[in-house]
Amino acid sequence: MTTEERVREAAVRLFAERGFHGTGIRDLAQAAGLSSATLYHYMGTKEDLLVEIMRTSLTELIGKAGQITGDETDRLVALVKMHVRAHAEKPRETAVVDGEMRALTGERREEIVALRDRYERFWQDAIDDGVKARKLTVADPSIARLALLEMCSGVSRWYSPTGPVDLSDLTIQYADMALGMLGAAR
């Protein structure tokens, strides 16, 4: 593992456990096995490191979402499965992305919010298209999007690969629940 990877891994772990503001430079350096002075060589500022983690994760999600095709419900099912899988496989990283937006400032915040909004647009489009096609029934598609994302993101807080539920089965169950929440014609 490279020093950059060690620094990133330490930051993801500490930001997920303690939060961005609860993690000091000394904590990061110690977790990465570096001196505080050396740490700056590999990360710039602590906020630079947080932005890199968020940018990488969101860009990956956007890339995967952009490859999804099919009708409205097919797209929604694929988004749910992909999102649940990402949150189950990378719980710390996704917890940082989902929970530390408030720590960002200025242009960095604007950049990450724009990436998040771009990702959520895939969800909103699938829901809106499903409502227009009368395949989905929801009172407020924007609230439906937020509820689905929150439901699917919660997997990062409880899922264990050694637990009783297989991840593939879990993604199917979540897709079924999403369709049910949105009143999908079955």
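The questions and answers below concern a predicted model of one protein chain.

Q: How many helices and how many strands does the chain have?
A: From the N terminus on, the elements run α-α-α-α-α-α-α-α-α-α. The count for the chain is 10 helices and 0 strands.

Q: What box do the C-alpha atoms of the chain fill, along the principal axes?
A: The chain has 186 residues, of which 44% count as buried. Among contacts with a separation of 6 or more, 68% join residues 24 or more positions apart. Taken along the principal axes, the box filled by the C-alpha atoms is roughly 60 × 40 × 25 Å.

Q: At what angle do the axes of helix α5 and helix α8 cross?
A: Helix α5 spans residues 72–89 and helix α8 spans residues 141–153. Their axes come within 8 Å, and the crossing angle is roughly 35°.

Q: How many nonpolar, polar and charged residues are in the contact of α5 with α8?
A: On the α5 side the contact is made by L76, V80, H83, V84 and H87. On the α8 side, L148, L149, C152 and S153 take part. By class, this gives 6 nonpolar, 3 polar and no charged residues.

Q: Is H87 buried or exposed?
A: H87 is found in helix α5. Buried means under 20% relative accessible area. H87 has a relative accessible area of 1%, so H87 is buried.

Q: Which side chain is joined to that of H87 by a polar contact of 3.4 Å?
A: Leaving out residues up to four places away in sequence, H87 touches T94, D98, C152, S153, V155 and S156. The polar contact of 3.4 Å joins the side chain of H87 to that of S153.

Q: Which residue's backbone oxygen does the side chain of Q124 reach at 3.3 Å?
A: Q124 is in helix α7, residues 106–132, and is buried, with a relative accessible area of 5%. Apart from neighbours within four places in sequence, Q124 is in contact with P141, S142 and R145. The backbone oxygen reached at 3.3 Å belongs to P141.

Q: Is L39 buried or exposed?
A: L39 lies in helix α3, residues 36–43. Setting aside residues up to four places away in sequence, L39 touches V7, I25, L28, A29 and L34. The relative accessibility of L39 is 0%, and the limit for buried is under 20%, so L39 counts as buried.

Q: Which feature does UniProt place at residues 24–43?
A: Over residues 24–43 the chain is 80% helix and 0% strand, with the end C-alpha atoms 13 Å apart. The UniProt record, an unreviewed entry, names the feature at these residues "DNA-binding region".

Q: How far does helix α10 reach from its first C-alpha to its last?
A: Helix α10 covers residues 167–181 and has 15 residues. At 1.5 Å a residue the expected reach is 21 Å, and the helix is close to this at 21 Å.

Q: Which helices do the buried residues of α10 pack against?
A: The buried residues of α10 are L167, L170, T171, Y174, A175, A178 and L179. These residues pack against α5, α8 and α9.

Q: Which residue caps the N-terminal end of α10?
A: Just after α10, G183 takes a positive phi of about 60°. At the N-terminal end, a side-chain oxygen lies 3.0 Å from the backbone nitrogen of S168. The capping residue that carries this oxygen is D166.

Notes: Residues numbered from 1 in each chain as written. Predicted model: local features only at pLDDT ≥ 70, side-chain atom pairs only at ≥ 80, totals over all residues. Heavy atoms only, no water. Axes fitted to C-alpha atoms, helices over the stretch in contact; angles between N-to-C directions. Helix = DSSP H or I, 4+ residues; strand = E, 2+ residues; numbered from the N terminus. Contact = heavy atoms within 4.5 Å. Nonpolar A, V, L, I, M, F, W, Y, C, P; charged D, E, K, R; others polar. Buried < 20%, exposed > 50% of the residue type's maximum accessible area, 1.4 Å probe, protein only. UniProt positions renumbered as here; feature names shortened; annotations may be inferred. Expected span 1.5 Å × (residues − 1). Polar contact = N/O pair within 3.5 Å; in protein donor to acceptor, adjacent residues only side chain to side chain.
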